[in-house]
Structures are given as structure tokens and as C-alpha cells.
Amino acid sequence: MPKSKRAKVLHLTKTQKKGKELTLRLYANVRECIPQYPYIYVFSVENMRNNYLKDVRTELASDSRMFFGKTRVMAKALGDSPSTEPYPSTSLLSAHLTGPCGLLFSHRDPQSVLSYFSTFHPLSYARAGILSTRSFTLPAGTLYTRAGEIPESEDVPLAHSIEPTLRKLGVPTKLMKGRVELDEPFEVCKEGDVLGSGQTTLLKIFGVTMAEFGVEVRAWWLKGTGQTEVVKGAGDGGGGTRGNGVWEVEMGASDEEFEGFDDQE
């Protein structure tokens with residue numbers, strides 16, 4: 001049977017893709033920053049959270065500039081060989097641009113940058129797929145908002161409206177006189193477990209944070225001498241946690257997106 005023409009969906013707004021335009025802009029911006037800053041750092045991000053990365057950018061905004069985009073484009077801007085590098089030894093940084101990582105151009109010396117990142121480790125709610133850092137069990141009896149994480153005198157009973165959600169997540173709760181009750185302890189997770197979406201939802205309901213955001217410097221480059229140093233103990237990371245908005249990690253770029261780079265130099 002032919003498809004009815006009356007069933008067409010008419011979109012009132014149209015947007016044009018800006019993939020190549022953004023790629024060329026990122027390439028040009030990285031090239032432009034190389035002569036403006038004495039230090040270039042390659043950094044990786046653990047447990048990516050956009051709001052925390054924005055906090056880092058705000059802290060460093062006075063004397064630094066951060067890029068967190070397509071790794072192949074940033075590597076291309078630094079040079080993938082001695083013959084294509086814009087400054088001596090910048091191509092040595094390209095090998096460290098793998099996984100969820102970015103570039104930091106800064107006037108701050110390595111000691112200052114490493115010291116700042118070593119102290120910035122805010123906690124956040126875990127996402128599915130990460131390992132549990134501790135065990136967590138819901139106690140029997142009336143459930144409170146923090147489920148025993150703080151003294152009951154400082155806590156309040158869980159709202160009755162959440163009880164259906166808990167049952168959907170597999171917690172055998174019941175309502176008794178407007179309070180959410182549990183007949184026996186319920187284990188949400190054990191230390192070392194790979195967390196599922198249901199477990200992370202329960203942890204968030206009860207305010208349990210297990211994900212630690214962190215920024216790690218992998219390597220740095222000094223413009224004056226061309227010195228490149230790999231930070232001991234820094235891993236290359238792996239995988240990618242996709243974020244939202246301007247901080248989204250986009251891994252890789254098509255060969256077509258590299259066309260026109262020579263015209264940008």
C-alpha cells in the first residue's frame with residue numbers, strides 16, 4: 001500500500017551542519033595559540049563531568065586557554081611528524097592525544113599546573129559501567145533520605161512519592177502510615193562491582209557519590225627550548241565519556257575534514 005502523502009512530518013526549523021567549519025576553526029585556534037603561550041600541556045580527564053571541566057577552565061582563564069575537541073584535529077595542528085610540526089618537538093605531544101583528553105596552553109609552569117590538578121578532585125554521582133568504590137546497603141526499617149549515611153537525628157524520612165520508583169528498581173519496599181519501610185536490609189552494590197543503571201539510580205536517590213572527577217597531565221612542552229617531558233605515572237586513558245554542549249568529546253575525524261588545513265597556516 002502506498003504511503004500517504006498526508007503523513008509527512010514538516011520540520012519548521014532547519015540547521016546546517018558545521019562539522020568541517022568547526023574542525024578548521026579548532027585547527028586554526030590551536031595553531032594560533034602555540035606562539036602565544038610558553039607551555040603546552042596534554043591532559044586527560046577521568047569521570048568526565050562538564051560542570052567540573054568548566055570550573056577548571058574558569059580557574060585557568062586568566063592566563064591559559066583550554067581545548068577539548070577532536071583529538072586527531074589537535075594532533076594535526078601540533079604536527080604528526082618533525083616535517084609538519086609548527087615549532088620544534090610539538091609533534092611529540094601528538095602521541096599522547098588519545099582517549100578523553102585535551103590541550104592546555106598556559107603561562108603557568110608545570111609545578112603550578114600539576115599542583116592545581118592534584119588538589120581538584122570533586123565527587124559526583126556514579127554512572128553505569130564504572131566500578132563501585134564501596135559497598136552500600138539499605139538498612140531495614142524506615143528509610144531515610146541518606147539511608148544511614150548520617151545520623152537519623154540529622155536526616156528526614158524518605159518521601160512516600162519515591163516508593164513506587166524504588167519498587168521498580170527492585171527494592172522490596174512498602175508504605176506504612178505514609179512512611180517507606182523495608183523489612184530486611186537490601187544490598188545495592190558491593191565494592192568492586194560494575195554498576196548498572198538501576199544501581200546508579202539508587203545511589204543517586206540516597207545521595208551516595210562514588211565517581212571522582214580528575215584531570216591528569218600526561219605530557220608538557222616548553223616553547224623556549226622545545227623541551228618535551230612525559231609525566232611519570234600518567235596513563236593514556238581510554239574510552240570516551242561523551243558530554244554535552246561545547247565540552248563534548250568527539251573522537252576521531254574523517255579524512256575529508258583535514259582538507260584545507262594547508263590553507264589555514
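In this predicted model, Asp 63 has a relative accessibility of 22% and counts as partly exposed. Its salt-bridge partner is Arg 108, with the closest N and O atoms 3.0 Å apart. The count of salt bridges comes to six.

**Salt bridges**
- Arg 108 sits in the loop between β3 (101–106) and α4 (110–119), and Asp 63 in the loop between α2 (50–60) and β2 (64–67), so the pair ties together parts 45 residues apart in sequence.
- Arg 108 is buried, at 16% relative accessible area.
- Arg 25 and Glu 21 join their side chains in a salt bridge of 3.0 Å, N to O.
- These two residues, Arg 25 and Glu 21, are four residues apart in helix α1, which means a separation of about one helical turn.
- Arg 25 is partly exposed at 43% relative accessibility, and Glu 21 is partly exposed with a relative accessible area of 43%.
- Asp 80 and Lys 76 form a salt bridge at 3.7 Å, N to O; Lys 76 is partly exposed at 32%.

**Packing of α1 and α3**
- Helix α1 (residues 19–33) packs with helix α3 (residues 71–78) at about 40°, their axes 9 Å apart.
- That angle makes α1 oblique to α3.
- The α1–α3 crossing is right-handed.
- From α1, the contact uses Thr 23, Leu 26, Tyr 27, Val 30 and Arg 31; from α3, Val 73, Met 74, Lys 76, Ala 77 and Leu 78.
- Seven nonpolar, one polar and two charged residues make up this contact.

**Helix α3 and its end**
- Six of the eight residues of α3 are buried, among them Thr 71 and Ala 75.

Key: Residues numbered from 1 in each chain as written. Predicted model: local features only at pLDDT ≥ 70, side-chain atom pairs only at ≥ 80, totals over all residues. Heavy atoms only, no water. Axes fitted to C-alpha atoms, helices over the stretch in contact; angles between N-to-C directions. Parallel < 35°, antiparallel > 145°, perpendicular 65-115°, else oblique. Left-handed = near helix turned anticlockwise from the far one by under 90°. Contact = heavy atoms within 4.5 Å. Nonpolar A, V, L, I, M, F, W, Y, C, P; charged D, E, K, R; others polar. Buried < 20%, exposed > 50% of the residue type's maximum accessible area, 1.4 Å probe, protein only. Salt bridge = Lys/Arg side-chain N within 4 Å of Asp/Glu carboxyl O.
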